[in-house]
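Hi,

Here is the structure I said I'd pass along.

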Amino acid sequence: MKKKEASARIKINHLLEEAGWRFFDDKNGPANIQLEPNVKMSKADLTGLGENFDKVKNGFVDFLLLDDKGSENGFNESLWLKYADMHKGFCLMYDLNDLDSFHCGKLSKCVNCGVYKGGTRIYPVYYSNESHDATDLLKLVMAQEVAQRLGGSLPESIQKDLKPLPWEIERNSLIKKECHKYDEEWRMIANAKMKLPAMIEWVPKSVIIGLRTSQVDKNLIISMAKEAGVKNIYQSYIDETNSLNAYLLTDV
């Protein structure tokens, strides 16, 4: 299993390079792959994640592919219609490179936080109309639940039918039907069961106010954004190309 995982990671790294994604600055341009917060990695570490995966002491990290502006699309009109009450809401934008705004592990309440202790990883959702068979995952989950309730290990006859399922939880958690593709959704997946609500403490870089947001709601959004330490507040509008855009509010 270790050899297969190592080979897969080497292949993934090569495919990323061929597609123009970079972990480090080079002659082709600046790095455009964002690692998990507070994670630093050298080129030697990257090699270790592939060829010497089983010997890496600190395990492995996940990464996020960024566009040339380092952010996702805040002007997806389908999302404004569906989730922001027909442009009456607001959109929060986060800068994954701004570690000063990342508060996980820095606050007193983080001591007993499952998100900080266990970590959560961020993945893009995969959209497909092809059904996925989750039978093996359900068997494993049920077996783990039974073992926990019994306070011991399961009989060998049951254990031999259980399959190791690397990435199976992620695979089952990240699939949505093709008709939802416009959501461009990302999801956080926890490494263990956590007491809800579970969340990442991260101050947004900016907030975009909707086209049809009422003045009362707009004032409330601005007030809350300033109190939370959000640096940039934008008002959305339709530009000369008939596209959704936003301008910075300088008088708030």
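**Cysteines and a sheet**

There are zero disulfides in the structure. Keep in mind that this is a predicted model.

Take C104 as a case. The closest cysteine sulfur to the one in C104 belongs to C110, and the gap is 5.9 Å. A disulfide needs the two sulfurs within 2.5 Å, so C104 and C110 are too far apart for a bond. C104 is also buried, at 9% relative accessibility. C91 counts as buried too, with a relative accessible area of 18%.

Now for the sheet. What is the strand order in the open sheet of four strands? Going across, the order is β3-β8-β9-β10, and the pairing is mixed. β3 (90-93) and β10 (244-248) are the edge strands: each has a single partner strand, so one side of each has no neighbour in the sheet. From one strand to the next, the twist averages 30°.

Inside that order, β8 (residues 206-209) and β9 (residues 232-238) are worth a click. The two strands run in the parallel sense and pair over four bridges. If you want a place to start on that pair, S206 sits opposite N232 in β9.

Last, look at helix α8, which covers residues 215-228.

Cheers

Key:
Residues are numbered from 1 along each chain as its sequence is written. This is a predicted model: local features need pLDDT of at least 70, side-chain atom pairs count only at pLDDT 80 or more; totals for chains, interfaces and linings use all residues. Side-chain values use heavy atoms; hydrogens and water are left out. Buried means under 20% relative accessible area, exposed over 50%, partly exposed in between (1.4 Å probe, protein chains only). Two strands pair if DSSP finds at least two bridges between them. Axes are lines fitted to C-alpha atoms, for helices over the stretch in contact, and angles run from 0 to 180 degrees between N-to-C directions. Contact means heavy atoms within 4.5 Å.
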